[in-house]
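Please consult the sequence and the model alongside the text.

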Amino acid sequence: MKKQNLLKLFWILFVITGPSLSHAQGNLESMRQMIFEKTNELRVLAGYSALRPLDSLMDLAQYHSVNMVEHHFYSHVDHEGLNPIERAEKKGLNPWVKKEGRYFGIAENIARTPWFENVIGCGDTQSESSLTDCMVLGWKNSKPHYKNILGDYTYLGVGLFFDDSGMVYGTQNFR
């Protein structure tokens, strides 16, 4: 009898807390797409061509966002000591593009934005749209990040992943 009561309690707790923990996780794809589109809106408004998605860059960006959460760090250099170019090479992706006789490597933007909190300069990030607006606005308001957004790139990959506290870790990789 005790075992059945514990099992019932477990399921009740799961039903109550499960959706709140997984709600944000379930919308990662649409949020990644929103960030992609909002980044291209910034480029087009500034007179640049829109970036195109590249599956390998999307995978690389997602890999880094997941790693930041799973290995508890927030940096362009990952838990193995690899930078974006080294991570790309490790995953079999050519990180270099030759333009006008010069080689350009993958560029990266990262961000952390809380879910359901009042963020200075953004307000509440209670929706997919408001959270992605806040993340892209943060990159726009940072000169080095905005330089990457407006850089001479063709492709963009976007990764997002939530930690247990509801903080979303975002990565953009440009090539």
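In the hairpin formed by strand 7 and strand 8, four residues lie between the strands, and Gly-166 adopts a positive phi near 95°. The model is a predicted one. Strand 7 (residues 155–162) and strand 8 (residues 167–174) run antiparallel and are joined by seven bridges. Within this pairing, Phe-161 has Tyr-169 of strand 8 as its bridge partner.

Strand 7 also pairs with strand 1 (residues 52–53); these two run parallel, with two bridges between them. Here Arg-52 stands opposite Tyr-155 of strand 7. Strand 7 is mostly covered, as seven of its eight residues are buried.

**Aromatic pairs**

The structure holds four aromatic pairs. Two of them are listed in the table.

| Pair | Centre to centre | Angle between planes | Arrangement |
|---|---|---|---|
| Tyr-74 and Tyr-169 | 6.1 Å | 70° | edge-to-face |
| Trp-115 and Phe-162 | 5.6 Å | 90° | edge-to-face |

Tyr-74 belongs to the loop between helix 3 (55–70) and helix 4 (84–90), whereas Tyr-169 is in strand 8, so their pair ties together parts that are 95 residues apart in sequence. Tyr-74 is partly exposed, its relative accessible area being 34%. Tyr-169, by contrast, counts as buried because its relative accessibility is 9%, and the cut-off for buried is under 20%.

Trp-115 is buried at 9% relative accessibility, and Phe-162 is buried with a relative accessible area of 3%. Ring pairs also bring in Phe-116, which forms a cluster with Trp-115 and Phe-162.

**Charges over rings**

**A residue in helix 2**

Is Asn-40 buried or exposed? Asn-40 is buried, because its relative accessible area is 9%, and buried means under 20%. Asn-40 is part of helix 2 (residues 28–45). Leaving aside residues up to four places away in sequence, Asn-40 touches Ala-50 and Leu-51.

Terms used:
Residues numbered from 1 in each chain as written. Predicted model: local features only at pLDDT ≥ 70, side-chain atom pairs only at ≥ 80, totals over all residues. Heavy atoms only, no water. Buried < 20%, exposed > 50% of the residue type's maximum accessible area, 1.4 Å probe, protein only. Pairing = 2+ DSSP bridges. Contact = heavy atoms within 4.5 Å. Phe/Tyr/Trp six-rings, centres within 6.5 Å; stacked < 30°, edge-to-face > 60°.
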